[in-house]
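Morning, everyone. I have one structure to walk through, so please look at the screen.

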Amino acid sequence: GYPEDPRTVMGPVIEAPSPKLRSGLTELGEDEAWLLEPKQLDDTGRVWSPGIRIGVKPGSTFHQTEYFGPVLGIIRANSLEEAVRIQNIVPYGLTAGIHSLDPKEVDFWLDNVEAGNLYVNRGITGAIVRRQPFGGWKKSVVGPTAKAGGPNYLFAFGSWAAQAAPEPPEGFELPAGIERLLEICQERLGDEGTRMLNRALANDEAVWATHFGAAVDVSQVGVERNVFRYRPGEVTLRISALTPLHEALRVLFAGLRTGATVHVSTSERLPEGLEELLMEGAAFGTKLASYIEESEMAFVERVRANPPQKLRLLSGNESVLYVQFNGDASIAIYGNPVTESGRVEMLPFVKEQAVSVTAHRFGAPDPRFLELAI
């Protein structure tokens, strides 16, 4: 019904259903059946009773389509592992939920489900600013944006200029494997490039310990846990011929520190021996996913045919690349100048995730979920 009637609990759709939504409300797929068939209730076409369909098959049209209407499809799975695979097949990843009183099941689900907002033993709508910052993965995110109501939201609205980070604290030791990599590059780096990388690496470690590597609950509601955390992403790093080596290494080390899947494309060969060590995981134990030397034109042609979701562009023209992708909003290009700030340079290499867990049963605190590692 319409909202002027106080008895209404299901409002109208925003406009008469498009062909896609009307199909979801009226047409069944192979082996599907209505558990509750939706009905059009007025002449405008905007008021529908809700529908529930059963027998939906993984990979079917209904499974893969966002209908934005009052219709629910139910898919049966034989195990939690199969259910998670089915859940992750869809090209979108905004919100996801699980209902289970088994902490091991919930732990498996939290480690494997692909969505930006995760909900445990509660509804999967009604995100609250700061408590559950809102934003998704895969096609549920637009460009280089960040979760609304989260700590990174304003990053997309500004620009960055390079500034020297604080000197490394006394006793700071380079992360494992980095010293050997810097030795290989010393001749091309020079003293100033080496000092810059030392400052940046120290800043990365500090930021990782307090921010990107930490799962935090800033709201501290108690019996509802609202944890904000990061997961490694997948990024293509494009290094142009104009990029100084210390800047290329600075961004590359930031990405590898997060554990991200990093693909490198460069116009000029890296110092001899460096590529092999990076492919072996010499920096932070994270192996470089791929490495290719190619011209600017070859790079553009290659990624235009198979666009990456995230691209960190060094010394390149960001607007020209957006033209190559026809303004595709599912592609995020980070083209800002290289900085020594870990807060700036690590951000493109991670995915944000908000986890909301009901940690009580009928008002009584539930230690199984109060103590669940997130």
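I will take a sheet, then a helix face, then a helix pair. Keep in mind that this is a predicted model.

Start with the sheet. Four strands form an open sheet, in the order E5-E6-E14-E8, with mixed pairing. Which strands sit at the edges? They are E5, residues 95-98, and E8, residues 224-232. Each of those two pairs on one side only. On average, neighbouring strands of this sheet are turned by 20° against each other, direction ignored.

Now look at E5 and E6. E6 covers residues 117-120, and the two strands run parallel, joined by four bridges.

Next, helix H1, residues 19-26. Which of its residues are buried? Leu21, Gly24 and Leu25. Down the axis of H1, these buried residues fall within an arc of 95°, so they line one face of the helix. What covers them? The cover includes strands E1 (33-36), E2 (51-54) and E3 (71-73), along with helix H2 (61-64).

Last, the helix pair. H5 spans residues 178-212 and H6 spans residues 245-257. Their axes come within 9 Å and cross at roughly 40°. H5 and H6 are therefore oblique to each other. The crossing of H5 past H6 is right-handed.

That's my tour. Over to you.

Definitions and conventions. Residues are numbered from 1 along each chain as its sequence is written. This is a predicted model: local features need pLDDT of at least 70, side-chain atom pairs count only at pLDDT 80 or more; totals for chains, interfaces and linings use all residues. Side-chain values use heavy atoms; hydrogens and water are left out. Two strands pair if DSSP finds at least two bridges between them. Axes are lines fitted to C-alpha atoms, for helices over the stretch in contact, and angles run from 0 to 180 degrees between N-to-C directions. Buried means under 20% relative accessible area, exposed over 50%, partly exposed in between (1.4 Å probe, protein chains only). The arc is that of the directions from the helix axis to the C-beta atoms. Contact means heavy atoms within 4.5 Å. Angles under 35 degrees count as roughly parallel, over 145 as roughly antiparallel, 65 to 115 as roughly perpendicular and the rest as oblique. A crossing is left-handed if the near helix is turned anticlockwise from the far one by less than a right angle, and right-handed if clockwise.
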